[in-house]
Amino acid sequence: MDRKTDSAFMRQFAGIIVGFVVLTFALIFLARYLQPEADFDANPSQGVFAEKRIAPEGSVRYGYEAATALAEAQAAATQVAPAGEVVVDGAAVYDGLCKTCHATGVADAPIPGSGQMTAREAEKGLDGLVQSAINGLNAMPPRGGNPTLTDEQIQAAVEFMLQ
């Protein structure tokens, strides 16, 4: 090819590239115009939520401070709860633990009030469902993952879910 054709091609190519750059900047400014930045002063809770999202998950301790914190944590974990009657509240157990999976049906967990829940009750009965909750079933760990729950609390939670 000759120089004339090459220079015409380069002019057209450069014009297309410049056009795309101009179009890109125009779209950026249009997007910023249509969606202004959030005003954190208008809703202070948004700033609080943002701070919580970017906060570190933990910290590293060493030396005397770490030994003291570890001793306090071990002492708190080994303290025996005061003797007394365990409160059996199915709604509290469900809200505190079971709801995490059963409210949304995670890993095929039956949703309370659904046809799947009534079908499982018809298939296994109340005692079968309670035993499944105590021993674990499929993705659900034994006692729903909380080994401190009593059999009565688990039964109350199952009964609550069947209401």
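Figure 1. The expected span of a helix is 1.5 Å times one less than its number of residues. Helices (H or I, at least four residues) and strands (E, at least two) are DSSP runs, numbered from the N terminus. The model is predicted, so local features need pLDDT of at least 70 and side-chain atom pairs pLDDT 80 or more, while totals for chains, interfaces and linings use all residues. Residues are numbered from 1 along each chain as its sequence is written, and side-chain values use heavy atoms, without hydrogens or water.

Five names to find in α4 are Gly90, Val93, Tyr94, Cys98 and His102, its buried residues (buried: under 20% relative accessible area; exposed: over 50%; partly exposed: in between; 1.4 Å probe, protein chains only). Helix α6 is part of what covers the buried residues of α4.

**Figure 2. The whole protein is built from helices, with 0 strands.** There are 6 helices. From the N terminus on, the elements run α-α-α-α-α-α. The protein has 163 residues, and buried residues make up 14% of them. Take the contacts (heavy atoms within 4.5 Å) between residues at least 6 apart in sequence: 49% join residues at least 24 apart.

Figure 3. Helix α6 covers residues 151–162. Its 12 residues should span 16 Å at 1.5 Å a residue, and its end C-alpha atoms are 17 Å apart, which agrees. Gln153, Ile154, Ala156, Ala157, Val158 and Met161 are buried in α6. Focus on valine 158. Beyond its neighbours within four places in sequence, valine 158 is in contact with Leu126, Leu129, Val130 and Ala133.

**Figure 4. The largest nonpolar core has 13 residues.** Such a core is a set of buried Ala, Val, Leu, Ile, Met, Phe, Trp, Tyr and Cys residues joined through side-chain atoms within 4.5 Å. Val93, Cys98, Ile154, Val158 and Met161 have the most contacts inside it. Helices α4, α5 and α6 each supply at least two residues of this core. Helix α5 gives the most to this core, with 5 residues. In soluble globular proteins, nonpolar side chains tend to be buried together.

**Figure 5. Methionine 117 and serine 132 are two residues of helix α5.** Methionine 117 is buried, because its relative accessible area is 5%. Leaving out residues up to four places away in sequence, methionine 117 touches Pro110, Ile111, Pro112, Met161 and Leu162. Histidine 102 is 15 residues from methionine 117 in sequence, and their C-alpha atoms are 10.0 Å apart. Serine 132 is buried too, with a relative accessible area of 13%. Again leaving out residues up to four places away, serine 132 touches Lys124, Leu137 and Met140.

**Figure 6. The structure holds 1 salt bridge.** The term means a side-chain nitrogen of Lys or Arg within 4 Å of a carboxyl oxygen of Asp or Glu. The partners are aspartate 151 and arginine 143. Their closest N and O atoms are 2.8 Å apart. Aspartate 151 is partly exposed, with a relative accessible area of 36%. Arginine 143 also counts as partly exposed, at 22%.

**Figure 7. A search of the whole structure finds 1 aromatic pair.** The rings of phenylalanine 9 and phenylalanine 13 have their centres 5.9 Å apart and their planes at 15°, so the pair is stacked. Rings of Phe, Tyr and Trp (its six-membered ring) pair if their centres lie within 6.5 Å; planes under 30 degrees apart count as stacked, over 60 as edge-to-face and the rest as tilted. Both phenylalanines sit in helix α1 (residues 3–34). Being 4 residues apart, phenylalanine 9 and phenylalanine 13 are separated by about one helical turn. Phenylalanine 13 counts as partly exposed, at 44% relative accessibility.
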